[in-house]
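Open the model in a viewer and keep the selection panel at hand.

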Amino acid sequence: MRPFAPAVEPVIPMKPARFRAVRSAAASSPPDISRLRVKVFADGADRAGMLEMAAKPHIAGLTTNPTLMHKAGITDYRAFAREVLALIPDKPISFEVFSDDFAEMERQAHEIASWGDNVFVKIPVTNTRAEPAYDLVRRLAAAGVKQNVTALMTLQQVREVSHALGADVPAYLSVFAGRIADTGRDPVPVLAESVRILKPFPNQQLIWASPRELLNIFQADAIGCHVITVTSDVLKKLALVGKDLADYSLETVKMFHDDAKAAGFTL
């Protein structure tokens, strides 16, 4: 088993001209959402919400995870997943293993994969003991299991996972751009370099995971990222795309005024 890469590593910077182009694309007036190349996956574990998102033509797939399922009050993992898959058979859906033991992860992965042709099994990049899952990813890929390897944050992890997945089976690599940004680092160069790393493998697609704002969709599109997972609170902001900023400013001022009035403030 290969030693686990350190959590902190140098980030390969984007070439200045390319970096300026990405920044310019993200800063300019955003294009029509329907013309974006990046695919939007809805992230959540609410059954009604998942069905609502799956019915939208601009939602290309769905993802969930144990944390979201726990927050949604789900207690029967298998029953919930199979019910959702029976109702959404035509878009890729990712369900995650939840064991911390690689042998049990492998068993769970095979069962989850058997639930439908549109299922991608989410495998965490390490277990809780910081042991990398690369060998497991390699075995599952060799067995034909479609995977979504998740919680990646370093370029070394992207390289190792991409190599383990190989060229034969469709797969996603989820890089948690939002969490990278939470540490004060700019995720755009990391994601852009990840796109380059995956180029030799057409079966592998990069997911911009844990976005924090609607702008991330346009940033992901500008660097050629294949997929971005978006939560319902961010998706609700799609109606704001292209909104006149002067109008938005006025609406904000009115909101402050109305709320102060409703609160009955006096001085």
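Select helix H6 and helix H7 (residues 155–165) of this predicted model. Their axes come within 8 Å and cross at roughly 30°. Angles under 35 degrees count as roughly parallel, so H6 and H7 are roughly parallel to each other. The crossing of H6 and H7 is right-handed.

Now show side chains at this contact. On the H6 side, pick Tyr134, Val137, Arg138 and Ala141; on the H7 side, pick Gln157, Glu160, Val161, His163, Ala164 and Leu165. The contact of H6 with H7 comprises 6 nonpolar, 2 polar and 2 charged residues.

H5 contributes Phe102, Met105, Glu106, Ala109 and His110 to the contact, while H6 contributes Leu136, Arg139 and Leu140. By class, the contact of H5 with H6 has 5 nonpolar, 1 polar and 2 charged residues.

Next, the cores. Which residues have the most contacts inside the largest nonpolar core? Select Phe95, Ile123 and Trp208: these have the most contacts within that core, which has 67 residues. Then select helix H9 (residues 187–198), which gives the most to this core, with 7 residues.

For the last stop, select Phe176, Ile207, Ala209 and Val227. These are among the 7 residues of a second, separate core.

Terms used: Residues numbered from 1 in each chain as written. Predicted model: local features only at pLDDT ≥ 70, side-chain atom pairs only at ≥ 80, totals over all residues. Heavy atoms only, no water. Contact = heavy atoms within 4.5 Å. Helix = DSSP H or I, 4+ residues; strand = E, 2+ residues; numbered from the N terminus. Nonpolar A, V, L, I, M, F, W, Y, C, P; charged D, E, K, R; others polar. Core = buried A, V, L, I, M, F, W, Y, C linked by side-chain atoms within 4.5 Å. Buried < 20%, exposed > 50% of the residue type's maximum accessible area, 1.4 Å probe, protein only. Axes fitted to C-alpha atoms, helices over the stretch in contact; angles between N-to-C directions. Parallel < 35°, antiparallel > 145°, perpendicular 65-115°, else oblique. Left-handed = near helix turned anticlockwise from the far one by under 90°.
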